[in-house]
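Notebook open, structure on screen. I want to jot down what I look up as I go.

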Amino acid sequence: MNRTLTASATSGGGRARRRAARTQPTPYDFRRPIQLSREHARILQMGFDSLARQTTTLFTSSLRTVCEVTLVGVEQQSYAEYIESLGAMTYMTKFTVEPMPGVGVIEFPLVATMSCIDHMLGGFGAVDQPDRPLTDIETGVINGLVERLLGEMRYALAGILPLEPVVVGHEYSPQFAQIAAGSDVMVVATFTLAIGERSHRLTVCLPFAGLLPHLTSAAAPAPVSERERAKRDRSAALLRTQFDKVPVDIQVRLRPTRVTPEVLSGLAPGDVLRLSHPAAAPLDVCVDDTVFAHATPGARGPRMAALIVGTPQEES
């Protein structure tokens, strides 16, 4: 029995630790409010997920080896934070992001860039790659791959904006790639590029200010066609017709009269109970204790009847 209690306590403690790990508070900087909403992040996630699938095929076919590109996440960062997250030497391709203003960046670590060039030139992508700027021939080889990667990005983000990327330059030192002010808000998509058994980090950086109007338009409800509008009108008319045929129990009531339990228990056949309802006051017409009209008592043939004389809305 002691062992059972100990195991149960241990299991409960493990669950408590897991719950605590999931509910750890996230620091929030009030000086830099988060502008990337959850809906906009979801739209970007879908677009960059599509880009990851397409570039997996692109790298595998171009490098002639098994490659896999996986999206790690999409987040909002200042440009200074993005630069600080990169290595001292990397390969950054700057490109225009028409119709948005500004410039975007695709960044590969130099070791990944050299490995890609090695594979495309017939090598085996050795582990030890030179850490230096590219030669003109190497730049021409990798530029072909980057151009195709930008084409895949144009296709993957077509549902958000009609992107027309054009390469405008390259940079090896992140500190010299001044495409935006340090405080400018950027959208950074981070990927894992697996070439064979080695994994590398790949990032795409886009200006948030130019992206926001397109994200807002993409998140807006799609316009309704005339056919869809006519279908909705027919459905609403049918619904109203069916509701008009639903039977509803109504009650015509006098105003309530309050009596004591002693009077109520002493009532006998032939007794007269004085009501609080004035003779000139209309009756209440109710459905489920809700008064929706007033009426005067009357008769129609052998049956009692009530004539609607007004509604609470008219009286107010």
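This is a predicted model: local features need pLDDT of at least 70, side-chain atom pairs count only at pLDDT 80 or more; totals for chains, interfaces and linings use all residues.

**Entry: Ser115**

Is Ser115 buried or exposed? I looked it up, and Ser115 is buried, because its relative accessible area is 6% (buried means under 20% relative accessible area, exposed over 50%, partly exposed in between, with a 1.4 Å probe and protein chains only). Ser115 sits in helix α4, residues 110-120. Helices here are DSSP runs of H or I with at least four residues, strands are runs of E with at least two, and both are numbered from the N terminus. Leaving out residues up to four places away in sequence, I find Ser115 touching Gly125, Gln129 and Ile195 (contact means heavy atoms within 4.5 Å).

**Entry: ground rules**

Residues are numbered from 1 along each chain as its sequence is written, and side-chain values use heavy atoms, with hydrogens and water left out.

**Entry: the whole chain**

I count nine helices and 10 strands in the protein chain. Of its 316 residues, 34% count as buried. I also checked contacts between residues at least 6 apart in sequence: 62% of them join residues at least 24 apart.

**Entry: Ser62 and the end of α2**

Next I went to another serine, Ser62, which lies in helix α2. Ser62 counts as buried because its relative accessibility is 10%. Not counting residues up to four places away in sequence, Ser62 touches Met120, Leu145 and Arg148. I also took a C-alpha distance: Ser62 and Gly144 are 82 residues apart along the chain, yet 9.9 Å separates them.

Past the helix I stopped at Arg64, in the loop between α2 and β1 (67-78). Arg64 has a positive phi of about 55° although it is not a glycine. Arg64 counts as exposed, because its relative accessibility is 57%.

**Entry: α5**

Helix α5 covers residues 136-156. With 21 residues, α5 reaches 30 Å from its first C-alpha to its last, close to the 30 Å expected at 1.5 Å a residue (the expected span is 1.5 Å times one less than the number of residues). I listed the buried residues of α5: Glu138, Thr139, Ile142, Leu145, Val146, Leu149, Leu150, Met153 and Ala156. What do the buried residues of α5 pack against? I get α2, β2, β3, α4, β4 (164-171) and β6.

**Entry: α6**

Helix α6, residues 208-219, has 12 residues and reaches 15 Å from first C-alpha to last, close to the 16 Å expected. Its buried residues are Phe208, Gly210, Leu211 and Leu215. Down the axis of α6 these fall within an arc of 145°, so they line one face of the helix (the arc is that of the directions from the helix axis to the C-beta atoms). The face of α6 turned away from the buried side carries exposed Ala209 and Ser217. Among what covers the buried residues of α6, I noted α2 (38-63), β5 (185-195) and β6 (198-207).

**Entry: cavity search**

How many cavities of 30 Å³ or more does a search of the whole structure find? It finds one. The largest cavity has a volume of about 50 Å³. For the record, a cavity is a set of points on a 1 Å grid over the protein atoms alone where a 1.4 Å probe fits but cannot get out, and lining residues have an atom within 4 Å of a point. Points are joined across faces, edges and corners, and the volume is the space filled by probe spheres set on them.

I wrote down the lining of the largest cavity: Leu51, Thr55, Phe59, Val69, Leu149, Met153, Phe191, Leu202 and Val204. The largest share, three residues, comes from α2. α2, α5 and β6 each supply at least two. By type, the lining has eight nonpolar residues, one polar and no charged (Ala, Val, Leu, Ile, Met, Phe, Trp, Tyr, Cys and Pro count as nonpolar, Asp, Glu, Lys and Arg as charged, the others, Gly among them, as polar).

A cis peptide bond joins Glu98 and Pro99, with omega about 10°. Pro99 is in the loop between β2 (90-98) and β3 (103-109).

Asp289 has a positive phi of about 65° although it is not a glycine. Asp289 lies in the loop between β8 (283-287) and β9 (290-300), and Asp289 is exposed, with a relative accessible area of 60%.

Conventions: On a 1 Å grid over the protein atoms alone, a cavity is a set of points where a 1.4 Å probe fits but cannot get out, and a pocket is an open set with protein on both sides within 12 Å along at least five of seven lines; lining residues have an atom within 4 Å of a point.
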